[in-house]
Amino acid sequence: MQSRVSHSRMQQPEVQRTISGTVYDLSSHQPLEGIYIQQINGTSSSSTKTDVSGHFSITVKNSSQTATLKFSDPDYGDYSTRTEDFDLSKDNTNVSVYMQ
């Protein structure tokens, strides 16, 4: 009797990390309040908004080493939406993001 070995693709373990920092206006370098931040890849759909000082903190989950966040200004539309990739193997606890 022969045994069969299944060669299934091994799934990467899920990584959970916190990404935090400040969102600024590209021209004035002033912090931006109310910027909406959403994870657009991975195993969670986390979202948050920047506070009055432009600060944010978001916990992301992903099975790859990269988390992609979307930054948008849905309330006023003054800033273009942008996406930013974050390497989850690095320290992402004091990032700066600039919107134009």
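How many bridges join strand β1 to β4, and in which sense do the two strands run? I took this as the starting point of these entries.

**Entry 1: basis.** I worked on a predicted model, in which local features need pLDDT of at least 70 and side-chain atom pairs count only at pLDDT 80 or more, while totals for chains, interfaces and linings use all residues. Residues are numbered from 1 along each chain as its sequence is written, and side-chain values use heavy atoms, with hydrogens and water left out.

**Entry 2: β1 and β4.** I found 8 bridges between β1 (residues 15–25) and β4, and the two run antiparallel. I took strands as DSSP runs (E, at least two residues), numbered from the N terminus, and counted two strands as paired if DSSP finds at least two bridges between them. Within this pairing, Q16 stands opposite K61 of β4. I noted as background that strands of a sheet pair through backbone hydrogen bonds, either parallel or antiparallel.

**Entry 3: the sheet.** I traced an open sheet of 3 strands in the order β4-β1-β7, with mixed pairing. β4 and β7 (95–99) stand at the edges with a single partner strand each, so one side of each has no neighbour in the sheet. From one strand to the next, the twist averages 40°; the axes are lines fitted to C-alpha atoms, and angles run from 0 to 180 degrees between N-to-C directions.

**Entry 4: I58.** I located I58 in β4 (residues 55–62). I58 counts as buried because its relative accessibility is 2%; buried means under 20% relative accessible area, exposed over 50%, and partly exposed in between (1.4 Å probe, protein chains only). Leaving aside residues up to four places away in sequence, I58 touches R17, T18, I19, I37, Q39, S46, S47, T48 and L69, where contact means heavy atoms within 4.5 Å. I also looked up Q38, which is 20 residues from I58 in sequence and 8.4 Å from I58 in space, C-alpha to C-alpha.

**Entry 5: S20.** I placed S20 in β1, and at 14% relative accessibility S20 counts as buried. The contacts of S20, not counting residues up to four places away in sequence, include F56 and S57, as well as N92, T93, N94 and V95.

**Entry 6: aromatic pairs.** Rings of Phe, Tyr and Trp (its six-membered ring) pair if their centres lie within 6.5 Å; planes under 30 degrees apart count as stacked, over 60 as edge-to-face and the rest as tilted. The Y24 and Y98 rings have centres 5.3 Å apart and planes at 25°, so this pair is stacked. Y24 lies in β1 and Y98 in β7, 74 residues apart, and the pair links distant parts of the chain. Y24 is partly exposed at 21% relative accessibility, and Y98 is partly exposed at 30%. For F56 and F71, the ring centres are 5.9 Å apart and the planes at 80°, so the pair is edge-to-face. F56 lies in β4 and F71 in β5 (residues 66–72), so the pair ties together parts 15 residues apart in sequence. F56 is buried with a relative accessible area of 4%, and F71 is buried with 0%.

**Entry 7: β5.** Why is β5 described as largely enclosed by the rest of the structure? I found that 5 of its 7 residues are buried. β2 (residues 36–39) and β5 run antiparallel, joined by 4 bridges, and Q38 has K70 as its bridge partner in β5. β5 also pairs with β6 (residues 82–87) in the antiparallel sense over 6 bridges; there, the bridge partner of K70 is T83.
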